Amino acid sequence: MEQIKLAIQKSGRLSEKSIDLIKEAGIKLNNGNRTLVSPASNFPLEILYLRDDDIPQSVEDGVADIGIVGENEVEEKDKQIQIIEKLGFSKCRLSLAIPKNIPYNGLDFFNGKVIATSYSHILRKYLQEHNVNADIHEISGSVEIAPSIGLADGIFDIVSSGSTLISNGLKEVEVVLRSQAVLVGGSTLNEEKQKTLDEFLFRIHSVQRAQKNRYILLNVPNDNLDEVIKILPGMKSPTVMPLAESGWSSVHTVIGEEDFWNIIGQLKAHGAEGILVIPIEKMIV
Ligand code: PRT
Ligand code: ZN
């Protein structure tokens, strides 16, 4: 397998989760101090630690083969790169917001208004698509204070919990883009590098699948066994073993994490006891 280079954020909201993902795939990273480039010790992967803003460009240029970055940056930078996979963490949205006491009656509001943002490319495209003619004021930090200091009528920025908007007296009026961390790739992936990427993805998928599922064990009176097995939405048919106490069986299976809460009541109603729910580390199907 040929070595591939993966760009991740050096320090910020994506860093820890990106590193967790790599570690969960069984890949050992050498340095705690995050020098610019660092090879993994047991997998043909080299990590580049960059500012998130620079990741799309570095993947387009081939400085990195793949990268982990927010969809918002992918859209904003608009480079020749593709999203290989959505990773499900660092979810947020890019939204338009205005002072909370100003009435809002639709996008038309923004005609002739000034909007402050650090995402001018996405905003310009969106306003054009919706035939809104606003003045985009590009600023790089603390966008949320722009309306209160008279710099703009509204803002276009990342929202997660919404508490930053609230504490700045703003209200979210339009959600323009929903974002999460994604794995992106460029055009440097030849056949050998693709094999390395496939192995990396295989490992990530095993971890992600495992995180969404639970191993469940329960004791069931034999008379209710058929009913209980019908309730359990397992991967395959569950394992059933007799208990030392006659008339009872132990049932083992794998179920989706959300499914568990939906069926727990039914399981108990059918006499299930001693229910254990255990996390799974890796799941290969
Ligand atoms: O230094 P570098 O350039 O690498 O980092 P950065 O400061 O540009 O980015 P960083 O680390 O703040 O965010 C990296 C990525 O995390 C973003 O590009 C998004 O994809 C994602 N993300 C997820 C967020 C948030 N959630 C988020 N809440 N990025 C920023 N925020 C900001 C938001 O703008 C608001 O000001 O956090 C503040 C709190 O949000 P609320 O709504 O929870 O109050
Ligand atoms: Zn950044």
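Me: Which domains does the assignment give for the protein?
Reply: Domain bounds come from an automatic or database domain assignment, and here that assignment gives domain 1 (4-88 + 181-189), domain 2 (92-179) and domain 3 (213-279). Residues are numbered from 1 along each chain as its sequence is written. In this predicted model local features need pLDDT of at least 70, and side-chain atom pairs count only at pLDDT 80 or more.

Me: How many Å² do domain 1 and domain 2 bury between them?
Reply: The size of an interface is often given as the accessible area lost when the parts come together. Taking buried area as the accessible area (1.4 Å probe) that two parts lose on being put together, summed over both, domain 1 and domain 2 bury about 740 Å², with 48% of it on carbon and sulfur atoms. On the side of domain 1, Asn72, Glu75 and Glu76 lose the most area to domain 2, together 73% of what that side buries.

Me: How many salt bridges are counted between domain 1 and domain 2?
Reply: A salt bridge needs a side-chain nitrogen of Lys or Arg within 4 Å of a carboxyl oxygen of Asp or Glu, and between domain 1 and domain 2 the count is zero.

Me: Is Asp65 buried or exposed?
Reply: Buried means under 20% relative accessible area, exposed over 50%, and partly exposed in between (1.4 Å probe, protein chains only); Asp65 counts as buried because its relative accessibility is 2%. The side chain of Asp65 reaches the backbone nitrogen of Lys5 at 2.8 Å.

How values were computed
Chains are lettered from A and ligands numbered from 1 in the order in which they are written. Side-chain values use heavy atoms; hydrogens and water are left out. A polar contact is a pair of N or O atoms within 3.5 Å; within protein, one must be able to donate a hydrogen and the other to accept it, and residues adjacent in sequence count only if both atoms are side-chain atoms.
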